[in-house]
Amino acid sequence: MLVYFELVFDVPLQQRFTYAQDDKGETVVGKRVMAPFGRREVLGYVIGERETLPEGIPESGLKKIRRVVDKEPIFGPDEIELALWMASYYLCGTGEALATMIPSGRRETSPESLLDEEVQIAEKPLDLSQEQQFALDAILGAGPHQEPQGTAKPAMFYLYGITGSGKTEVFLRSAEAMLAVGKSVIYLVPEIALTHQVEEAVQRRFGAVATTVHSAMTGSARLAEWGRIRRGEVRIVVGPRSAVFAPVQNLGLIIIDEEHDGSYKSGNTPRYHARQVAFKRCAAQGARLVMGSATPSAEAWKLMEDGTIKRLHLSRRLSGGAPPNIRIVDLAGTEGCLSSELKEEIRETARLGRQTILFLNRRGFSYFYHCRQCGYELTCKHCSVSLTYHKQLGKAVCHYCGFSAVPPQACPQCGSLEAGFAGFGTEMIEEEVQRTFPDLRIRRADADSTAKKGSLRETLDVFRAGGIDILLGTQMVAKGLNFPGVRLVGVVLADTALHLPDFRAAERTFSLIVQVAGRAGRYFPDGRVLVQTYRPQDPAITYACKADIEGFYHYELAQRKDLGFPPYTRLIRITARSKQAELADRAIMRLAGLLRRLLPADCDVLGPADCPISIIAGNYRRQLILRGKAMAGIHQAVKRAMTAYDEKKSSGVYIEIDVDPVQLL
């Protein structure tokens, strides 16, 4: 006798496929199976069981499941429901959503259970300040166990406070209270360096009931942890955005640390945002959501202003430090990367036996090859971006596709010798700093210098121990790191993000300056921050340097409202990419025509146009941006347009749909 199962595959389809299996008396729902799909045998996910065949499908033509991969179910009804919601909201396949949630790996192994009867708190919690205690009481409220299941709106809180004001301790205490009443906790941190201080604090505090999951682990190791979490052996999970899917038992709390961070948004299909998924999970399971940052996203700030999220303010540093003295330095007329003011402060900091962080969000030596005679620019042959010169490699490299070339000695177009690289990256700063301060110990931390596993952690540990005088790097040194010896932070060039054609450019610039400034003077009241810029009057820079957080959001939200950008509107971005420019053009024009007919009157279409980076890895990229006051109208129009488009789609074109995009490059 046959039984029937519904399968989904990692393909861009929301359709379920019915397969048969000989009745072995056990269900395979929640397991992965190998099944024939088209001409191949592929991995599928069993999301349902049927007693009868769907109408119109004869039993004779039904395909059979070939092999069951898992001994135990690795996902349950909660994960299936979440995958169905993701497929509907992010306009992707149900199997694509499940494939994103569930770690890939060989058959799951079953390590010994490490769960004690009682949760042992390994390290004594710190005493709370009055502000911290108020925040904790607000988060815990009447007690997590009294919260009804399935509440329509989860209890949402935002710990908004300057860097060093003790947000982490409130997060840990909240987690502790949840564990004490039998609930589980998911603690999200940004992908950048996976803020290993948080990881270590959680492991020390909670011991064996805590685990960390992240992309550096093998698929099999992540799958093994997934199994432990599902079995209830792990009750607190720390990790980047994908940890939001952890199948914890009896979810009580999701924490999103550094909520503003762009790494919470996935760059691949399904293009989910961990914050949105957390909203959904907390609402479905009656859990609480606590976010935190010194620089909330504009969307979160607006939700706080509206009262949808309760703001909990932490206003002072707990370690005895004070907000640093921040100065703007105009780079006009400066030779090299370092102004005389910054050099002077580095010398003074070294004389006091303290440490310096130099920050620039651009790796490489220099990034712009230009001929003064004819205006020629050296760009990637596969992408529409300038090549970045990496002196250590002796090559000009594309940071998008990896193409590299030996830099020309003379202009390839006119032969002029008045051609070469301009602009500076972390390599050039390192060279200038070594030349200027030969007696100081200097280390660079960027994607090039820390490619070897464990090298970033080793660098940060040496810096914390006082073995480095000047640490220079990209944004991996800007966030979440706590170094008692740091007196001076130098932002070498604050303008790097301001030139980007993206409505979030000012918000990102402001956030980075505030975050990196927070590394200075955390334990002593003599912190110094120098912000070098060619645009000293730009509001994002002036508000950040005055530490006027509320002033910036007031200004930025007024700008967004006038221009009709989020959080006052909702966006969906559609990108067509193809190896042939005419195919991409034809596809995006056709979609634009369909959408103009289908969109409600109060929504509009921006484009079609080239993407700001119009070619990546030999693919021509064209985009449409759909904008509306509410998501429902544009969402429904895109669904209908894609259905009509799929009926006559041409091969050689790939369509990407990004709901609530966070960057438009």
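In what order do the six strands of the open sheet with parallel pairing stand? In this predicted model, whose residues are numbered from 1 along each chain as its sequence is written, local features need pLDDT of at least 70, side-chain atom pairs count only at pLDDT 80 or more, and totals for chains, interfaces and linings use all residues. Side-chain values use heavy atoms, with hydrogens and water left out.

The order of the six-strand open sheet is E13-E23-E22-E14-E21-E20, with parallel pairing; strands (E, at least two residues) and helices (H or I, at least four) are DSSP runs numbered from the N terminus, and two strands pair if DSSP finds at least two bridges between them. Strand E13 (325-330) and strand E20 (442-445) each have a single partner strand and stand at the edges, so one side of each is left without a neighbour in the sheet. On average, neighbouring strands of this sheet are turned by 15 degrees against each other, direction ignored. Angles run from 0 to 180 degrees between N-to-C directions, the axes being lines fitted to C-alpha atoms, for helices over the stretch in contact. The parallel strands E13 and E23 (residues 528-533) are joined by six bridges, and Val329 has Gln532 in E23 as its bridge partner. Across E13, strand E14 (355-359), strand E21 (470-473), strand E22 (486-491) and E23 lies helix H9 (residues 340-351), which runs at about 160 degrees to E22.

Within strand E23, Leu530 has a relative accessible area of 0% and is therefore buried, where buried means under 20% relative accessible area, exposed over 50% and partly exposed in between (1.4 Å probe, protein chains only). Although Leu530 and Ile328 are 202 residues apart along the chain, their C-alpha atoms are separated by 6.0 Å. Not counting residues up to four places away in sequence, Leu530 touches Arg327, Val329, Glu341, Leu342, Glu345, Leu488, Val489, Gly490 and Val491, a contact being defined by heavy atoms within 4.5 Å.

Strand E3 (residues 32-37) pairs with strand E4 (residues 40-50) in the antiparallel sense over six bridges, and the bridge partner of Phe37 in E4 is Arg40.

For helix H1 (residues 77-89), the 13 residues should span 18 Å at 1.5 Å a residue, and the end C-alpha atoms are 18 Å apart, which agrees; the expected span is 1.5 Å times one less than the number of residues. Buried in H1 are Glu79, Ile80, Leu82, Ala83, Trp85, Met86, Ala87 and Tyr89. An α-helix has 3.6 residues a turn, so residues three or four places apart point the same way. Just after H1, Leu91 takes a positive phi of about 55 degrees. Helix H2 (residues 94-101) contains Ala99, whose C-alpha atom is separated by 9.8 Å from that of Leu43, 56 residues apart along the chain. When neighbours within four places in sequence are left aside, Ala99 is in contact with Asp10 and Tyr45.

Glu258, which is not a glycine, has a positive phi of about 50 degrees; Glu258 is placed in the loop between strand E10 (251-257) and helix H7 (274-285) and, at 10% relative accessibility, counts as buried. Ala547, likewise not a glycine, has a positive phi of about 55 degrees and is found in the loop between helix H13 (539-545) and H14. A cis peptide bond with omega of about 10 degrees joins Pro566 and Pro567, and Pro567 lies in the loop between helix H14 (549-563) and strand E24 (570-578). Gly607 and Pro608 are also joined by a cis peptide bond, with omega of about 10 degrees, and Pro608 lies in strand E25 (residues 604-616).

Taken as a whole, the protein has 16 helices and 27 strands, and buried residues make up 56% of its 665 residues. Of the contacts with a separation of 6 or more, 77% are accounted for by residues 24 or more positions apart.
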